[in-house]
Amino acid sequence: MEPPGLNHWLVVSAMLFCIGAAGVVLRRNLLVVLMSLEIMLNAANLALVAFSRYGNGLDGQIFVFFVITVAAAEVAVGLAILVALYRLCGTVRVSDIATLKL
Amino acid sequence: MEAALFHLFSFLTLAGALLVITRRDPVNAAMLLVLTFFFMAGLFVLAHAWFLAAAQILVYAGAIMVLFLFVIMLLDAKEETRRCFGRVAGVGALAVGGALLAALAGVIRDGRLWRVPAGDAEGTTAAVGRLLFNTYLLPFEVASVLLLAATVGVIVLIRAPRRPDDAPPSA
Amino acid sequence: MNLSDLLPLLRFLAPEILLSALALGALLGEAALSRLLGVEKRQNLLGWLALLGLGACLVILGDQAARGETLALGRGAFVASPFNALLKTAATLAVMASVTMGLRAPFVRHVGENYALVLFSLLGMFFLLSAESLLMIFVALELTSLPLYALAASQKGARRSIEGGLKYLLFGGLSAAFLLFGISYVYGMSGQGSLAGLRDWLVAQRTAGGPGFLFLTGVCLMIVGLGFKIAAAPFHLWAPDAYEGAPLPAAAILASASKLAGIVVAARLLLGAFLPVAGNVLGSPLSWHAGWSPAVAALAVASLTVGNLAALAQRNAKRFMAYSSVAHAGNVLVAFLALDASGRPAALAAPAIAYYAVIYALTNAGVFAAIHALAWGARGDDFADFRGAARRAPFPAFFLLIFLLSLAGVPPMAGFFGKLFLFMAALQADATHWGLAWLVAYALAMNVVALGYYLRFARVLWVEPAEDLRPISTPLELRVALVALALLVLGLGVFPSSCLAAFRTMGGVLLLRG
């Protein structure tokens, strides 16, 4: 097999982004929605790492480092809101939350 | 060898991600997400991003996923009994998916991408650290403030009232 | 680099450093005082300290603006310029209004943490307003948003607050993911991390076969992310719920300072970095050129339509303001399209956008402060609760009227000139062919609708009979804040052209150096 090229990496990353986006839009369990958001951020990470491998130098990897930090912070706040919601309403489902129905 | 590993890890990453968004039980989903991130760390190694591979496992598998599991246990989240997809949302998802698939087609179509040679960037801890603490020092400081702000936000959201006079208003 | 090199740099970073210290001070103050003082006393004491610190920030920023020096650090990660200092001043003023509102708000429980979050968010906006690199924009945007998610959800006893905060967080997270994925393509294809570098690379690509499909996909994804941030339709779905659920001081920041920062970043990216791939939307759709312009034009038209028509139907003051903010996003996007056939922006475009963003932030801060004062004696924040409020509290009701008239664009308020400059910029761009006349005509028609609903709100306050005639007392500090904001809104309206001229002479206007 010939070694993978930049396009292989980007295809994987774009598919991962689609999977994450589908999860965010389709799933009703808010915990899984947050996980899907993580998948989307990771898809971008994969693309950045690939670009950094194929000629763009290390700056892309630095970017990924910051994305990991941001993702951790975002998850923490998201989960905190979910816990507060659960304490008040006893649910973490999209369908039980009036304002999330489109 | 490299090609075989790339295909293996890519397949496993994508399969893991697909399973995450289709499993009904959030605990299952969380465990699968850990696996997905592990395989992704494998991809990072193949891309010579050594430091990031380690950070990926430490932060995602070690910290973020533990947080998820804690919250899942805390909330006692049940399996979804009804179908887990909404109908209206499906239409929106199709639209978004279509747009993104166009991007994907662009990736494949763009012939220039096929011929980009691999560079010599080695993402060792030393190299990444040197860059981080020179060129990117200011964003690094901002990121540290971001983490503090997130912590404070979590405390505000979670902490129970401390004293009777702190009790929430009745409204 | 030794210490003597660092000291002059610190002068440029002084507002940011002071703000970080203030936020930490609020946290420490809460820890130290929580056993000594009750909630209300802490709230007052820490709030006044925060206001004092923000006042000091204003002085430093004023000094920076007056000195007229510029500095760029770390590949565009931080650009200090007099113009940026002015933008930061406006953001600070809006946040000061929010802190003033929070001084006696009954629902705040974690006092120090609450102020710290407000200050962290403002710190994020400071970095955002100074950021000219993709990485810094991403990190600063998150620093701005994360505390706001928490603040929006901070009324833990109220379901609508948590739900609003959750919705804000989910859409914000989605926006960050789209922005980041777009950035990864843009950065990956160009290899440029700074906005100036991106622009130069794009100019060079004109003769080298164009930037490629993937780069343009990245730009589009970034526009989606930015659309979420400035609440442009169809990405505005979070705004009504987040505004309605958030406590009024937090909603005030969402609607003013955060919006200002979002608009400025969008302008820096689109009219700065991505200008060479703008395309245009002049004349009939057949003569348009591909680029980001058609996408932004679609956002502008959708925002003008959705924002203005939905605002007509609202019964709640906060939801009403949310849709009004969608409509204003549509207004400001019109000036983004002020490009001539060769892709050069109208000279007025960037100053007009900045002027409008500043005016809009100050006016909205005023609206929310006035609503806060009126809501003091009301049951809730529906229009029905404000019926005849002018008789109960003439002072804030009068100022609310001024701010609403400014939002509606009635001369001589600043809001009128804000809109005038936006639309003039759009018409100037292709003056000989009236290329953007279709868009400006549509925007003007929609602004007539807007006049109607702002006046309807004013009518609720001033004409409709009150059920409850007990007077509402307005605290002194809130009165001062209202007067100060109104003077700014009127003052910037009395001297609009001198403001614009000042913006223009500040070098590089909104956009990059070099």
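## Exercises on a predicted three-chain model

Chain B holds 6 helices and 0 strands. The model is predicted.

**Exercise 1. Describe the fold of chain B: which elements does it have, and how many of its residues are buried, in percent?**

Solution. 
- Step 1: Count the elements. There are 6 helices and 0 strands in chain B.
- Step 2: From the N terminus, chain B reads α-α-α-α-α-α.
- Step 3: Check burial. Chain B has 171 residues, and 44% of them count as buried.
- Step 4: Look at the contacts. Take those in chain B between residues at least 6 apart in sequence; 61% of them join residues at least 24 apart.
- Step 5: Chain B exposes about 8,700 Å². Carbon and sulfur atoms supply 72% of that area.

**Exercise 2. Work out what the interface of chain B and chain A is made of.**

Solution. 
- Step 1: Count the partners. Chain B brings 81 residues to the contact, and chain A brings 68.
- Step 2: Take the area. About 6,900 Å² is buried between chain B and chain A, with 78% from carbon and sulfur atoms.
- Step 3: Find the contributing elements. On the chain B side, α1 (2-22), α2 (26-46), α3 (50-75), α4 (87-109), α5 (125-132) and α6 (137-158) each give at least two residues.
- Step 4: Sort the residues by class. The side of chain B that touches chain A has 61 nonpolar, 10 polar and 10 charged residues.
- Step 5: Count specific pairs. Chain B and chain A share 0 salt bridges. Polar contact links 9 residue pairs across their interface, both residues at pLDDT 80 or more.

**Exercise 3. Which element gives the largest share of the side of chain A that touches chain C?**

Solution. 
- Step 1: Contacts join 40 residues of chain A to 37 residues of chain C.
- Step 2: Chain A and chain C bury about 3,400 Å² between them, 82% of it from carbon and sulfur atoms.
- Step 3: Count pairs. There are 0 salt bridges between chain A and chain C. There is 1 residue pair in polar contact, both at pLDDT 80 or more.
- Step 4: α1 (6-26), α2 (30-56) and α3 (59-89) of chain A give two or more residues each.
- Step 5: α3(A) supplies the largest share, 17 residues.
- Step 6: Classify this side of chain A. It divides into 32 nonpolar, 5 polar and 3 charged residues.

**Exercise 4. Why is helix α10 of chain C called largely enclosed?**

Solution. 
- Step 1: Apply the cut-off. Buried means under 20% relative accessible area.
- Step 2: Go through the helix. Among the buried residues of α10(C) are L248(C), P249(C), I253(C) and L254(C).
- Step 3: Conclude. 8 of the 8 residues of α10 (residues 248-255) of chain C are buried, so the rest of the structure largely encloses this helix.

Technical notes
Residues numbered from 1 in each chain as written. Chains lettered and ligands numbered in written order. Predicted model: local features only at pLDDT ≥ 70, side-chain atom pairs only at ≥ 80, totals over all residues. Heavy atoms only, no water. Helix = DSSP H or I, 4+ residues; strand = E, 2+ residues; numbered from the N terminus. Buried < 20%, exposed > 50% of the residue type's maximum accessible area, 1.4 Å probe, protein only. Contact = heavy atoms within 4.5 Å. Areas by Shrake-Rupley, 256 points an atom, 1.4 Å probe, with all protein chains shown as cover. Buried area = accessible area lost by both parts, 1.4 Å probe. Salt bridge = Lys/Arg side-chain N within 4 Å of Asp/Glu carboxyl O. Polar contact = N/O pair within 3.5 Å; in protein donor to acceptor, adjacent residues only side chain to side chain. Nonpolar A, V, L, I, M, F, W, Y, C, P; charged D, E, K, R; others polar.
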